[in-house]
Amino acid sequence: MTHTTLMKECRRGVINETVKAVAEIEQIDSEKLRALVADGLVTIPKNVNRETKPTGIGKYMSTKINANIGTSRDYKDLEEEVNKAKIAVQYGAGAIMDLSTGGDLDKIRARILSEVNVPVGTVPLYDAAASAPMVVEMTSDDMFNAVRRHAEQGVDFVTVHAGINKNTVDKLMKAGRITDVVSRGGSFTVAWMMHNESDNPFYSEFDYLLEIAQEYDVTLSLGDGMRPGCIHDAADGPMFEEILVLGELVKRSRAADVQTFVEGPGHVPLDKIEMSVKFMKETCHQAPLYLLGPIVTDIAPGFDHITSAIGGSIAGAAGTDFLCMVSPSEHLALPTAEDIKTGMLVAQIAAHATDLVKEGIKERAAELDNAMGAARKNLDWEKQYSLAIDPDHARAVREARSSGSEACSMCGDLCAMKIVERELEKGRKESNN
């Protein structure tokens, strides 16, 4: 290895340009941030082969959003996926994951890497599986070669389902789940292990994975292959068994100066979200936590951007650092560009709601809400639009049913703030006299 990883530099006391840039964005002391990166409590995904906007994920960082895009074997339109990536970034994505499985995967990945300036992640196992005659016929060399190829191209973080081992599969066999395995990478791994009667190469040869990550300073996103795929399966044996293994892998990664974050569930009812998040954070040594959702009910296909935002807000308040956007088409179809926009806007609401209660962030986040409150009191519509997550939508809704007064058409001249303000102003004048 000729490159010194960011974590290793931070452990040596070096505050490099990447750390300085994130410190400025997050309004945190650069020495404090250096120490957080050194301890693995903040991750800044950044491949040595790629220039990108540095993004801090973890303690005292604003909550980030990842957007999944990518082709399928049914829909292989590269330009559409590039457009989706750009829209996701436009509407607040702090990272993009290319989950493509159809078409020329190397070409698709290269285009996406060249078109966006935020960290880009992938799941190399998808690439290895797509190249094999059958998923179960991949070799361990195929798997590691895919990781290396993605790293060479400049991918900033890779999801590896290294927490699945023989013990995890044994738990799965006895769990009585309804959905078994819904993670695509998790299903590939379990099927490969059972067919080949062998342990997961990403687990059994984890040191080799660390060598590749060191060489390119690629962040390992330790995947949740056992995440629950329905409410019935939430917080069960396979999920917790995998988390225990991920905690072990976080320690081994840190010892090798490799940055990580940990992925989590999934479908989780409201009353199990806080417990699940706190267990993951404690077991994984406070590594940054990345969640898809969690989705809090299974009966809302077409509205899972909302069910995930509900879960994401609760999970964020409990300590989650990184939320994955869920589109309205989750469970139904490959998302459209409009689905990506809608999913991103709703995810932004969940992320901001999280920041309003997050240590080290809440004061800064509240500045926006306080400004909006003042603009509402003053009936300053232009200011309200400028502070809104989607200014164009806010303007269009108000103008579609405008009022003859300066207030909105819900209340008009009966506007609560106008009525009370008049009387309060009278009272203040009288008291001053």
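These legends describe close-up views of a predicted model.

**View 1. Lys64, a buried lysine in strand β3.** K64 belongs to strand β3, which covers residues 64-69. K64 counts as buried because its relative accessibility is 11%, and the cut-off for buried is under 20%. Its side chain comes to 2.7 Å from the backbone oxygen of G56. Leaving out residues up to four places away in sequence, K64 touches E26, T55, G56, I57, D321, F322 and L323.

**View 2. Helix α13 and its cover.** Helix α13 runs over residues 270-283. At 1.5 Å a residue, its 14 residues should span 20 Å, and the end C-alpha atoms lie 21 Å apart, which agrees. Buried residues in α13 are I273, S276, V277, M280, K281 and T283. An α-helix has 3.6 residues a turn, so residues three or four places apart point the same way. The cover over the buried residues of α13 includes α12, β8, β9 and α14. Just after the helix, H285 takes a positive phi of about 60°.

**View 3. Aromatic pairs, with F144 and F202.** The whole structure holds 8 aromatic pairs. One of them joins F144 and F202 edge-to-face, with 5.2 Å centre to centre and 90° between the planes. The pair links distant parts of the chain: F144 sits in helix α7 and F202 in helix α10, 58 residues apart. Both residues are buried.

**View 4. An aromatic cluster.** F157, F261, Y290 and F322 form one aromatic cluster. F322 is also among the residues that K64 touches.

**View 5. Charges over rings.** The charged end of K32 sits over the ring of Y60, 4.2 Å from the ring centre. For R398, the charged end sits over the ring of W381, 3.9 Å from its centre.

Conventions. Residues numbered from 1 in each chain as written. Predicted model: local features only at pLDDT ≥ 70, side-chain atom pairs only at ≥ 80, totals over all residues. Heavy atoms only, no water. Helix = DSSP H or I, 4+ residues; strand = E, 2+ residues; numbered from the N terminus. Buried < 20%, exposed > 50% of the residue type's maximum accessible area, 1.4 Å probe, protein only. Polar contact = N/O pair within 3.5 Å; in protein donor to acceptor, adjacent residues only side chain to side chain. Contact = heavy atoms within 4.5 Å. Expected span 1.5 Å × (residues − 1). Phe/Tyr/Trp six-rings, centres within 6.5 Å; stacked < 30°, edge-to-face > 60°. Lys NZ or Arg CZ within 6 Å of the ring centre and 35° of its normal.
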